[in-house]
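Please examine the sequence and the structure shown here.

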Amino acid sequence: MSSLTMLATDLLGGMKDVSKTGSATSDLAATARIVPVILAGGIGTRLWPISRTAHPKQFLKITGDESLFQETLRRVSDPRLYCAPIVVTNNDYRFLAAEQSLETGIKLGAMLLEPVGRNTAPAIAAAAAYVAKTIHPRSVLHILPSDHAIDADAAYHGAVSLAFAAASDGRHVTFGITPTSPETGYGYIEAGEPCEHNTCNIRRFIEKPDLETAQKLVNSGGFLWNSGMFVLRTDVFLADCADLAPDVHRASVAAVEAASPDLDFIRLDPVSFGKAPDISVDYAIFERTSRAVVLPLEVAWSDLGSWDAVWKIRDKDCLGNLATGPVTLSNTSGSLIVSEKAHVAVEGLNDIAVIASEDAIYVGRLSEAQKVGGMVRLLRKSKDTADLTNVHRIVYRPWGGYASVLGGERFQVKRLFVKPGKKLSLQRHFHRSEHWVVVRGTAEVTIDNQVTTMWENQSIYLPQGCVHRLANPGRMLLELIEVQTGSYLGEDDIVRLDDDFGRC
């Protein structure tokens, strides 16, 4: 019997036992599946310059052929164990999350859009309120960050089963990872007396320590890494939230009650949600409630919060180097070299991190990779460099995206890529004209109601002010070179007349 099948059996059996003891209602036993809640709204700049505000790490392919967000979806995709996942993200990432979900073939239960970032407590409370309203008020939730790397082995699935049982009995369960090294980038949890379902009481939470303190914590044997993963029962969590964090509860519940549908998304009410305090669920609930327990879990796990964390979990060469992209190394050891496009050559160095995106390069000690955050803050202080932390050279859109190639006074060159079956909005520009050259694929171009089909090496001119649209009717990626000329070339010179993605 596979570990997933065993987990399904444990979950169903556990819920039946709970219903007999009165800890849950009998009607819930008929739908004894976990509701996964995936938090995907973080901006993730600690892996700069590859990860940026407009395209953060959860949507990057860091550990394999799929993004971290997609890998998280895979972990909760078994319909015997889980309901369709609820994704909580922000407005800017809605199409990116929807498209990556579509690529996996995993249907979402809902995608809740936060109008503003308010940390994990309001996000989880809003998800709980939504589940209570639309699924069942006593559903068990599995809260998962979307940017972690986890080896979901038999031990992991067994821990989920135990956490489900504990949460069904009214406990708030957090997973504590058995530490393997004195990490300074993680918070720690001190485990207390043993409780039911292999959990322990929580004596205290410890913020990210310095190296000396971290070493003492690991040596003591009584401390666990705080994973940021939780299993909670909806009604119990909301009751604690109302008692311990009433501002969070009031704002989140009101945001769900006044939420509005938008295509396949649920927009939380901006006025209500904006009143929620910016606070983590650890501070708001777990450090204050008597219901919190920690479940020790010995599994390969990383929150990938720095480049040295990426280096640790990936396979390296015989000299301890991890190199991806066009890279040449000589007399170099214990280093991480990542390049998106430019060829990077490194000679005679040790413990070095070189991260080269298309428009920025970071160089520093790999062992001091936690300092990337400080560099990002420094860059943000100057208007000349602030955009380097926000927008990648490649900008993703629900239809595909574009990359800036060259720009100057009154002209700009871009590479556009349009996914099969997708089309841009019907639009016009008041200050620029455009020239499109098809590089690969088939383009369907509409100009003032006249439709033209174009193939490789063909071009077309779009005069200033014309109503136009670009579509990809083919089965392969469409690539074009766009040359813009005019007095103003900003992205806000777009008047959308019709749009498949509701952006008019």
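Which residues of α5 are buried? They are Ala121, Pro122, Ala123, Ile124, Ala125, Ala126, Ala127, Ala128, Ala129, Tyr130 and Val131. Here buried means under 20% relative accessible area, exposed means over 50%, and partly exposed lies in between, with a 1.4 Å probe and protein chains only. The model is predicted: local features need pLDDT of at least 70, side-chain atom pairs count only at pLDDT 80 or more, and totals for chains, interfaces and linings use all residues. Residues are numbered from 1 along each chain as its sequence is written, and side-chain values use heavy atoms, with hydrogens and water left out.

Because 11 of the 15 residues of α5 are buried, this helix is largely enclosed by the rest of the structure. Helices (H or I, at least four residues) and strands (E, at least two) are DSSP runs, numbered from the N terminus. The expected span of a helix is 1.5 Å times one less than its number of residues. For the 15 residues of α5 this gives 21 Å, and the end C-alpha atoms are 21 Å apart, which agrees.

The interior may be described next. A nonpolar core is a set of buried Ala, Val, Leu, Ile, Met, Phe, Trp, Tyr and Cys residues joined through side-chain atoms within 4.5 Å. The largest such core has 67 residues, of which Phe69, Phe175, Tyr188, Trp301, Val445 and Leu470 touch the most other members. Helix α6 (residues 154-168) supplies the largest share of this core, seven residues. Apart from this core lies another, of 45 residues, which includes Ile86, Ala126, Phe237 and Ala292. Contact means heavy atoms within 4.5 Å. Leaving aside neighbours within four places in sequence, Phe69 is in contact with Ile38, Ala40, Gln58, Phe59, Val87, Ala97, Gln100, Ser101 and Ser146.

The largest pocket holds about 1500 Å³ of space. Pockets are found on a 1 Å grid over the protein atoms alone: a pocket is an open set of points where a 1.4 Å probe fits, with protein on both sides within 12 Å along at least five of seven lines, and lining residues have an atom within 4 Å of a point. Grid points are joined across faces, edges and corners, and the volume is the space filled by probe spheres set on the points. The lining of the largest pocket comprises 46 residues, of which Arg46, Asn119, Thr120, Asp147 and Ser280 lie nearest its centre. Two or more lining residues come from each of β2 (86-90), α5 (120-134), β8, β9 (223-233), α11 (281-286) and α13 (372-380). The largest share, four residues, belongs to β9. By class, the lining has 15 nonpolar, 19 polar and 12 charged residues. In this count Ala, Val, Leu, Ile, Met, Phe, Trp, Tyr, Cys and Pro are nonpolar, Asp, Glu, Lys and Arg are charged, and the others, Gly among them, are polar.

Some features of the backbone also deserve attention. Trp48 and Pro49 are joined by a cis peptide bond, with omega about 10 degrees; Pro49 sits in the loop between β1 (35-39) and α3 (68-75). His197, in the loop between β7 (188-194) and β8 (200-206), is a residue other than glycine with a positive phi, near 60 degrees. Its relative accessible area is 27%, so His197 is partly exposed. Leu304 likewise has a positive phi, near 50 degrees, and is placed in the loop between β13 (301-302) and α12 (307-313). Leu304 counts as buried because its relative accessibility is 0%.

Phe501, in the segment after β30 (495-498), is buried, at 11% relative accessibility. Phe501 and Lys423 are 78 residues apart in sequence and 9.8 Å apart in space, C-alpha to C-alpha. Beyond neighbours within four places in sequence, the contacts of Phe501 are Phe95, Leu263, Pro398, Trp399, Lys422 and Lys423. Ala300 lies in the loop between β12 (292-297) and β13, and its C-alpha atom is separated by 9.4 Å from that of Tyr156, 144 residues away along the chain. Asp92, in the loop between β2 and α4 (94-104), is exposed, with a relative accessible area of 67%.
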